[in-house]
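Please look at the sequence and the 3D structure before reading on.

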Amino acid sequence: MLKRKKESPETGGEQLFRRMPGQSEVNLAELMDGYSKLLIDDPVRPFREDNLQAIENNVDYGVLAALDGTWVSYNVNYNKDVTNPSLASGVHTTIMPSPGTNPGTIPGKFAFTSEEYIEKLTFSIVPGGVRNRGGASELFCGAVKYEQSIKSVNTIPGQDALKYTPIHEENGMYLWLSDVYNHAATKESIERDRGIHAILTEDAKYGYTGEYRDEPLLRITPDEEPNPQYILQSQLQSGQPYYEIIPAQEIKPGAGLDGPYFIPDYSISRSGVIPHGSTITLLGDIIPQNKDKKTYYLIEGSPKFPYGKEAWETNHLSISRTMGNAGVTPEEIIDLDQPAPAWVHEKLNDDNDPGSNKIYTQRILADNLYPYSVRPDLRLRDTLRGQKVSNHVHVRMSSKMKTGAQGGVLNVPFVNRFVPTVEVDMDMWIETVIEDGKEILQLQYEQIVFFEFDFGNDGGTTSWPHIQVNTLRKIQDIPEDQRKVIEEQFYNTGVNTGTTSGCPYHKG
């Protein structure tokens, strides 16, 4: 979890006051100033009821404050370094079971789709944050709602007009999980929350005659003594032995002050609802840069992506290790900045493709969107070519963490049986681009959703990645011609595309 340096007001210095987000211009350097990792020996801020309104008015949203507004696709075609014109900024790859297949009985039959897409992604700050009460610990979340709409873009043979088809809708929330407080018991909170009940008389047999016992009773006579004697813990003398403990059912003012103190594993959460029947929760944090023995959460320059053979990195390919890795050995690594290998366009058989690893993934490398059909995030890399990026923040999230707290994926029964979605991983880069002497925010993301199918010849399970990447800017920061397309497709509800749903899940 990240914390921000304290900005004490003139009174109530224990509180962390933040300016409410919402201004039209956001500066990443200013926004990320003062953040560091929260450690167990860092000061803990106490919560007091009379400060509640001040806390709600100044809840921290972290880097999520930069997202507020409407983001839309920003096309790469401005970039003269990229010779292959694109129809849209986004690229997705989707692998689904082929018609007639059955999990567990018919191996290795699948449909592959790779398309370009446009997108509208709106973030809305939830004023006041969200209070989570956990007794002695309180967490105030900076909540940001999001709504996402996506349309694929394709050419139609014999027509100049492009075909825009709705393929995805999603909504949910991002949460900044950083404002943690200690809420110790007070005399007022104890009396208010004790409830209305009879005075406990059970303690009379121990010799205690008070109304509410808020500390343990200790038996100070040995087991063999016929007349046991009990005293309160506060009456115990140093070194005095005791033989039995009767816990207290009430608490004292100040209870909870000594901890334990809660430190969240992560700073950011994303919850999303996908209409195919999946609900996701991702957890993550800002990826730091370590430089000169210091840790920075705002990274200078542009995000780094690989070139050449270094780009053949399975974690980012639409070909997973369980899909045979295209039959590629360490000596045959494919250079994705070069034309696809000759075997991609050959007829394959048992002689030139033993084990059927190449034919299994041949169509992915032969796709018209190569190399993006193989490694979609290279589109993000190529979009950045020629741009002057002064700094960026890198957010990484997953539904399945290696250690600690876990997110998760829940599916409706149909999805769970035939197309089980088991993991979602996401990288997001918020960038400051310098153009014409101005700072412009740019958002790039790579999201990988993993499906699992029991389609192996040996009965094994195959993990198939479904990848989406895109580059977006605030709607006011894209060129007029691109804005016109966005407005026609996402704002003019009277436009008739003349098509039915083209979601890859629905295609025959």
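Contact here means heavy atoms within 4.5 Å. Helices (H or I, at least four residues) and strands (E, at least two) are DSSP runs, numbered from the N terminus. Helix α4 covers residues 357-365, and its buried residues are K358, Y360, T361, Q362, I364 and L365. A residue is called buried at under 20% relative accessible area, exposed at over 50%, and partly exposed in between (1.4 Å probe, protein chains only).

## Basis of the model

This is a predicted model, in which local features need pLDDT of at least 70 and side-chain atom pairs count only at pLDDT 80 or more, while totals for chains, interfaces and linings use all residues. Residues are numbered from 1 along each chain as its sequence is written, and side-chain values use heavy atoms, with hydrogens and water left out.

## A serine in β6

Strand β6 contains S114. Why does S114 count as buried? Its relative accessibility is 12%, so S114 counts as buried. Leaving aside residues up to four places away in sequence, S114 touches V91, H92, T93, D367, L369 and S373.

## Helix α7

Helix α7 spans residues 480-491, and its buried residues are Q482, R483, I486, Q489 and F490. Seen down the axis of α7, these buried residues fall within an arc of 140 degrees, so they line one face of the helix. The arc is that of the directions from the helix axis to the C-beta atoms. E480, D481 and K484 are exposed on the other side of α7.

Which strands do the buried residues of α7 pack against? They pack against β4 (69-73), β6 (110-125), β8 (137-155) and β9 (162-182).

## The pairings of β9

Two strands pair if DSSP finds at least two bridges between them. β9 pairs with β8 in the antiparallel sense over 18 bridges, and L175 in β9 stands opposite A143. The two strands, β8 and β9, form a hairpin with 6 residues between them. In the turn, G158 has a positive phi of about 85 degrees.

Strand β13 (residues 268-274) runs antiparallel to β9, and 6 bridges join them. Here Y174 stands opposite R270 in β13. With strand β3 (residues 45-46), β9 pairs in the parallel sense over 2 bridges. R45 stands opposite Y181 in β9.
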